[in-house]
Structures are given as C-alpha cells and as structure tokens.
Amino acid sequence: MEVLSLNKNMLLKMIMMAMMWSMAKSVRHDVGGDDHGWNTNINMTKWSSDKHFHLNEWLFFGYDRHFFSVLEVNKTSYENCIDSGFIKNITTGVGREVFQLSEAKTHYFISGGGFCQRGVKVAIDVNEHVAPAPQPTPHKSSATSNIQIYHSLAVLILIFMCTNFLV
C-alpha cells in the first residue's frame with residue numbers, strides 16, 4: 001500500500017508540474033520591433049511607449065555586431081549618452097543578445113560608439129505585477145480560448161482518472 005501511495009503522489013506532482021509548465025508563458029520583446037531591431041532606423045522611445053514590461057520577461061536585441069553594442073547604464077549616462085562606466089555590457093559579439101528583466105525598476109540601455117547620440121537607446125520601465133489580460137480580439141479569440149478550455153478540461157479529467165485509478 002505504501003508503494004501505491006508513493007506512486008500516486010509522484011504522479012500527481014508530475015501532472016501538476018506539467019500543467020504549470022504549459023501555463024507559464026515567457027514573454028520576449030524584440031527591442032525596436034520585429035522588422036527594425038536595435039539600430040538608428042527606429043525611434044526607440046516611441047517603440048517602447050506603448051509596451052508593458054513585467055518581471056521575468058525578456059528583451060531581445062538584434063543588431064549588426066560590427067557597429068552596435070548593448071550597454072545597461074544609469075539614468076545620467078542614458079540621458080547624456082555616456083558609454084563608459086556602464087552597469088553591464090550585454091554585448092557578446094554575436095548581434096543577438098537577450099536580457100531578462102529580473103528587477104522591477106527602469107532599465108536604461110544604450111549603444112556605444114556614438115550610436116546613442118543617433119537614437120540607439122531605450123528606457124524600459126519594468127512593473128512588478130502582471131498586467132490584466134488584454135481584451136480578446138474577435139477574429140481569433142474564440143478558437144484560441146476554446147483550445148485553452150479543452151486543454152484545461154483534459155488535464156483535469158486526467159487528474160481525476162489517475163487519482164481514482166490509484167486509490
């Protein structure tokens with residue numbers, strides 16, 4: 001009986017972990033937008049103005065590694081485009097950098113080499129709490145929400161079946 005109880009607990013934990021894993025969503029923000037990236041062709045302030053950034057989301061910086069860099073700086077360095085004495089150099093030399101928003105504060109990023117003065121800088125205000133879910137759009141919400149409902153129901157039925165089977 002003890003072995004059966006242990007298996008039941010393990011199975012329940014595995015099912016719950018699978019449910020949580022499928023519900024967890026990692027949000028990635030492409031800095032500058034999908035088509036533009038981290039360069040002088042986009043107004044980064046305008047790009048970030050309609051975005052909401054939350055804890056544990058990710059920023060993706062895509063850029064030409066021969067020209068640009070990604071430096072996290074303080075507010076004064078951001079405002080004056082000072083690329084020395086930075087907080088963190090995110091640049092790895094690949095041109096595809098990711099940065100996790102692990103602290104609720106305003107993060108300031110600039111590109112060195114004179115590109116900050118040409119607009120390659122952005123301030124990201126990170127909120128601690130997750131924003132409410134956006135209102136569904138009529139053209140695709142019903143199919144998406146139906147799939148999510150069926151997925152949740154299937155998981156609940158599996159949990160119910162497994163707990164009754166193992167009792």
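1. Basis. The model is predicted: local features need pLDDT of at least 70, side-chain atom pairs count only at pLDDT 80 or more, and totals for chains, interfaces and linings use all residues. Residues are numbered from 1 along each chain as its sequence is written, and side-chain values use heavy atoms, with hydrogens and water left out.

2. Three-stranded sheet. An open sheet of 3 strands has the order E1-E3-E6, with mixed pairing. Strands (E, at least two residues) and helices (H or I, at least four) are DSSP runs, numbered from the N terminus; two strands pair if DSSP finds at least two bridges between them. Strand E1 (28-30) and E6 are at the edges with a single partner strand each, so one side of each has no neighbour in the sheet. On average, neighbouring strands of this sheet are turned by 25 degrees against each other, direction ignored. The axes behind that angle are lines fitted to C-alpha atoms, for helices over the stretch in contact, and angles run from 0 to 180 degrees between N-to-C directions.

3. Pairing within that sheet. Strands of a sheet pair through backbone hydrogen bonds, either parallel or antiparallel. E1 and E3 are parallel and share 3 bridges; Arg28 stands opposite Trp58 in E3. Strand E3 (residues 58-62) and E6 run antiparallel and are joined by 5 bridges. Leu59 has Phe99 in E6 as its bridge partner, and Phe60 has Val98 in E6.

4. Buried means under 20% relative accessible area, exposed over 50%, and partly exposed in between (1.4 Å probe, protein chains only).

5. Five-stranded sheet. The order E2-E8-E7-E4-E5 describes an open sheet of 5 strands, again with mixed pairing. Its edge strands are strand E2 (53-54) and E5, each pairing on one side only. E7 and E8 run antiparallel and are joined by 5 bridges. Ile110 stands opposite Lys121 in E8.

6. Disulfide. The structure has 1 disulfide (a pair of cysteine sulfur atoms within 2.5 Å). The cysteines are Cys81 and Cys116, with sulfur atoms 2.2 Å apart. The link is left-handed, at -70 degrees about the S-S bond. Cys81 lies in the loop between helix H3 (75-80) and strand E5 (88-89), and Cys116 in the loop between strand E7 (106-110) and strand E8 (121-127), so the pair ties together parts that are 35 residues apart in sequence. Cys81 is buried at 14% relative accessibility, and Cys116 is buried at 3%.

7. Ser69. This residue sits in the loop between E3 and strand E4 (71-73). Ser69 is buried, with a relative accessible area of 16%. Residues up to four places away in sequence not counted, Ser69 touches Trp38, Tyr63, Thr91, Ile110, Ser111 and Gly112, where contact means heavy atoms within 4.5 Å. One of these, Ile110, stands opposite Lys121 in E8.

8. Salt bridges. The structure holds 2 salt bridges, each a side-chain nitrogen of Lys or Arg within 4 Å of a carboxyl oxygen of Asp or Glu. Arg28 pairs with Asp30, the closest N and O atoms being 2.8 Å apart. Arg28 is exposed, at 51% relative accessibility, whereas Asp30 is buried at 17%. Asp50 pairs with Lys51, the closest N and O atoms being 2.9 Å apart. Asp50 is exposed, with a relative accessible area of 54%, and Lys51 is partly exposed at 27%.
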